[in-house]
Structure formats: structure tokens, C-alpha cells
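Please have the sequence and the model open while reading.

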Amino acid sequence: MTIGKYQREFHGLPVFDFPGTGGDADADAAASTPLPDAAALAWRISAPTYSEPEDELWEPLFERFLKTVDAERVRALVVGGWDEAYETSSAAIVAALIAARDRLTDLRAVFLGDMTGEDCEISWIVQSDVTPLLAAYPALREFGVRGGTALAFPAIRHEGLETLVVETGGLPAEVVRGIAGSELPALENLELWLGTDNYGGDSTAGDLAPLLAGTGFPALRRLGLCNSVIQDEIAAAVAGAPVVARIERLDLSMGVLTDEGAVALLDGQPLTHLSHLDLSHHYLSEAVRERVRAALAPHGVTVVLDDAQEPDDWGDGELHRYVAVAE
């Protein structure tokens, strides 16, 4: 499966597409269109990924945005597509956002790469080192990025970040280690789509050790380790992880979780303190599904077991299972 919808809400705000992504005529029409209050929306700025000569590219579109809206009141930005995102990295986008830090003085949230499969498949999106963007905005509270190709995230310290979401069809181990080794004392919500090794997702549960130890993220309350081809290994690691004792919402959805991983999770530390456990898109037998419900639902845990999958049998002696989002 690929991403099929754009974000419609971000940082608690409705997403609004900044108008005029075509040529001069579109830009002139957009300039004459009354715009909403700059602080009331998450502004989505997107250029065509397969551009024509008359199309406005992302950087001039962003500059026009800064001149058109009250930039000092903008609270959230959603970066959509940029020209040839399947070949050209987000480095220029990151640089443009950093250069605007003295104009975007109230910016609290950024999402980088809000593209559907029609724009650019998730595993084709070429990213870059995104940590300079976090360093440039110390007041940032929420950051999300889609696409793992060329993504870099060396370990950093950021005092204010509360939510970090990384959506990929394959998250490189180096990135996982960088995030897990970061110091994010305010982080409450972390969601990582680990993906498959077919698209660069070569991490192991061991790469998550600093995160699971719970020392780097003292405020963490919501943890998602999703979309993983090694979901059983992840579940077994989570079962004994110290961080889980203070997690309220645990998300192990979208991966290839089987009975082995679910049983390991149940046989580990108690999970009855959770308010929510999401195991949707799974490969669990009905017997194990019932065991999960019986162990947790009576304690008030909302258990999500939607989207049950069946493995494919190609007659090659193996059963083939798939993450929810890959290419």
C-alpha cells in the first residue's frame, strides 16, 4: 500500500493549501485572493513533483508565501512536494526554512514531505539531514518527516520538541540510532515507521535500546514502532523495556506481527496500565487475538486489532507477509 491522502490536520489545526502552484497567472490570481488568519491554520506549501516549465517551483512559492501572509503569526507549516522529489533531496527546502527563521518567529510545527503515491512514492522521496532545521527552531514543538531515502538524523538535543513522527517504507538503522540516542527531554509522542529492508529499513531491535531503556525521553507517554518487517522482534523487545511502564498509548500497528510477537508481548511486563494498544494490520490467529483482548480489555485498555492479514503462499516453502506501507 502507498500513501493515498494528504494531511488534513496538523498540530491541531486544519491544513490549508496556500494557493497558486502554477505559473505567473496563478501567482497573480493567488495574490488577489483574501487569505485566512495566518495563525488559524497549518499552511501547506506544495509544488509539482513533475514540473512543467510554467510551474512555480517550491522555493519561489515559499518566498511568495512569506511575503503574502503575516509570517510572524504562522504556527504550523506542511511542506508538500518539490520538483523531482524522487531525485532531488529536501536539502534546499530545509535551507529555505532555516533562512526564514527570523520571519517565522511563532513557528511551532513542521511536516516535511506530505506527498501521496501520485506525487512520489514514500520510499522514493529523497530527504536530507533534517536536524539543522530543529536546531534553527528551538521553540518547535512538533516535527514530522515522510521518506527515508538519504534521511539523516544524527543525535541531537532539543529542549522543546514534544512530538516526532518519521514515516518511511524503510528507516535506515543509522537514523534509528540517531533518534534513539538524542536527548529530547520534552518529547511526549514518538512514532517511527521502521519499514522493510527492501527499501532501506535495516534496523534491529538493538538499535532501539537507548529509547527502550527510557533514559533519553523522560516525558514520553505515546510510543509507536510501526510498519515493521521485524515486528515480532520489536514486540519481544518492548515486552521487557523499562520505558513501557510509563507509556499510555502503545502502537505496534502496520507491521508483520504474528502470534509469536503478540505472545511475547503478553508474556512480558504487565500492559494493563495502557489506555490504548494498537496492533492493527497484523497476522494474528483468532485464538491469540482473543487472548490479547481477554488480558487487556477488562482493565480498560482499548485494543485495536483491525485489518487482519493472511500471508501469501507462493509455493516456495515460505509464507510471505507485508508491512502496510512500503514503496
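## Elements and their numbers

Helices here are DSSP runs of H or I with at least four residues, strands are DSSP runs of E with at least two, and both are numbered from the N terminus. The model discussed below is a predicted one.

N227, by contrast, is found in strand 9 (residues 222–228).

Most residues other than glycine have a negative phi. D307 is not a glycine, yet its phi is positive, at about 60 degrees. N227, also a residue other than glycine, has a positive phi near 55 degrees.

Are these residues buried or exposed? N227 has a relative accessible area of 0%, so N227 is buried. D307 has a relative accessibility of 46% and therefore counts as partly exposed.

## Helix 2 against helix 3

Two packed helices are described by the angle between their axes and the distance between the axes. For helix 2 (residues 58–68) and helix 3 (residues 91–99), the angle is about 20 degrees and the axes are 10 Å apart. Angles under 35 degrees count as roughly parallel, and helix 2 and helix 3 are therefore roughly parallel to each other. Helix 2 passes helix 3 in a right-handed crossing.

Which residues of helix 2 and helix 3 meet? On the side of helix 2 they are W58, E59 and F62, and on the side of helix 3 they are A92, I93, A96 and L97. Sorted by class, the residues of this contact are 6 nonpolar, no polar and 1 charged.

Helix 7 contributes D232, A235, A236, V238 and A239 to the contact, while helix 8 contributes E260, G261, A264 and L265. These residues divide into 6 nonpolar, 1 polar and 2 charged.

The contact of helix 8 with helix 9 has 6 nonpolar, no polar and 3 charged residues.

## Salt bridges

How many salt bridges does the structure hold? The structure holds 18. One of them joins R103 to E63, with the closest N and O atoms 3.2 Å apart. R103 lies in the loop between helix 3 and strand 5 (109–112) and E63 lies in helix 2, so this pair ties together parts that are 40 residues apart in sequence. R103 is partly exposed, with a relative accessible area of 32%, and E63 is partly exposed at 29%.

Another salt bridge links E162 with R141, where the closest N and O atoms are 3.8 Å apart. E162 is in the loop between strand 6 (142–146) and strand 7 (163–167), and R141 is in the loop between helix 4 (131–136) and strand 6, so the pair ties together parts that are 21 residues apart in sequence. E162 is partly exposed at 30% relative accessibility, and R141 is partly exposed with a relative accessible area of 28%.

## A buried pair and a network

E167 and R146 form a salt bridge whose closest N and O atoms are 2.8 Å apart. E167 belongs to strand 7 and R146 to strand 6, so this pair ties together parts that are 21 residues apart in sequence. Buried means under 20% relative accessible area. E167 has 10% and is therefore buried; R146 has 4% and is therefore buried. Salt bridges that share partners join R8, D17, R44, D114, R146 and E167 into one network.

Note on methods. Residues are numbered from 1 along each chain as its sequence is written. This is a predicted model: local features need pLDDT of at least 70, side-chain atom pairs count only at pLDDT 80 or more; totals for chains, interfaces and linings use all residues. Side-chain values use heavy atoms; hydrogens and water are left out. Axes are lines fitted to C-alpha atoms, for helices over the stretch in contact, and angles run from 0 to 180 degrees between N-to-C directions. Angles under 35 degrees count as roughly parallel, over 145 as roughly antiparallel, 65 to 115 as roughly perpendicular and the rest as oblique. A crossing is left-handed if the near helix is turned anticlockwise from the far one by less than a right angle, and right-handed if clockwise. Contact means heavy atoms within 4.5 Å. Ala, Val, Leu, Ile, Met, Phe, Trp, Tyr, Cys and Pro count as nonpolar, Asp, Glu, Lys and Arg as charged, and the others, Gly among them, as polar. A salt bridge is a side-chain nitrogen of Lys or Arg within 4 Å of a carboxyl oxygen of Asp or Glu. Buried means under 20% relative accessible area, exposed over 50%, partly exposed in between (1.4 Å probe, protein chains only).
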